[in-house]
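Have the structure open as you read.

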Amino acid sequence: QRHPIARVETSKSSFYIGSDGGIMPVSTKIGSHVMIINGHLKNYNYNDLIGLNIRNSEESVKLAQAFELASYMHTNELFNSLMEQVYINKHGEFEFVPKLGKHYVLFGDMSRLEEKFSNLEHFYRQGISQVGWDAYSKVNLKFENQVVCTK
């Protein structure tokens, strides 16, 4: 049985991606509380994706990358409890929207994945407690070995 990790929202359709990368329909009876993936994505149609495994799809690379980020956060206790959305901006960069605070996290591209997540975890565990959840509007992880915050 598949377990949904993320829900993809486009203007044409909405569907879940399971932990194995398989596409799943949205139920009208039961909703899963999972991370949302949206933004500047191709307008996927669920019926065209039936049977597709997103991890192996060459035509939906951005969606596969967003799913990889959502999967990583799903397996991390801190990020699973904090993050609610992966947004793909108009530049093709990834942004995260947390459940707490008035900021968003600019993750950038898929480079230095472990370093960026480590920096973000360090920031949430040690930095945010000093200034509060609403001190910043943007937390930028794009730069090497640093977290740049904008008020």
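## Around glutamate 95

Skipping its neighbours within four places in sequence, glutamate 95 is in contact (heavy atoms within 4.5 Å) with Gln85, Val86, Tyr87, Asn89, Tyr104, Val105, Leu106 and Phe107. This is a predicted model, where local features need pLDDT of at least 70, side-chain atom pairs count only at pLDDT 80 or more, and totals for chains, interfaces and linings use all residues. Residues are numbered from 1 along each chain as its sequence is written, and side-chain values use heavy atoms, with hydrogens and water left out.

Glutamate 95 sits in strand E6, residues 94–98 (strands are DSSP runs of E, at least two residues; helices are runs of H or I, at least four; both are numbered from the N terminus). The side chain of glutamate 95 makes a polar contact with that of asparagine 89, at 3.0 Å (a pair of N or O atoms within 3.5 Å; within protein, one must be able to donate a hydrogen and the other to accept it, and residues adjacent in sequence count only if both atoms are side-chain atoms).

Leaving out neighbours within four places in sequence, phenylalanine 96 is in contact with residues including Leu69, Met73, Phe117 and Leu120.

## The whole chain

The protein has four helices and nine strands. From the N terminus, the elements run β-β-β-β-α-α-α-β-β-β-α-β-β.

The C-alpha atoms fill a box of roughly 45 × 30 × 25 Å, taken along the principal axes. Among contacts between residues at least 6 apart in sequence, 52% join residues at least 24 apart.
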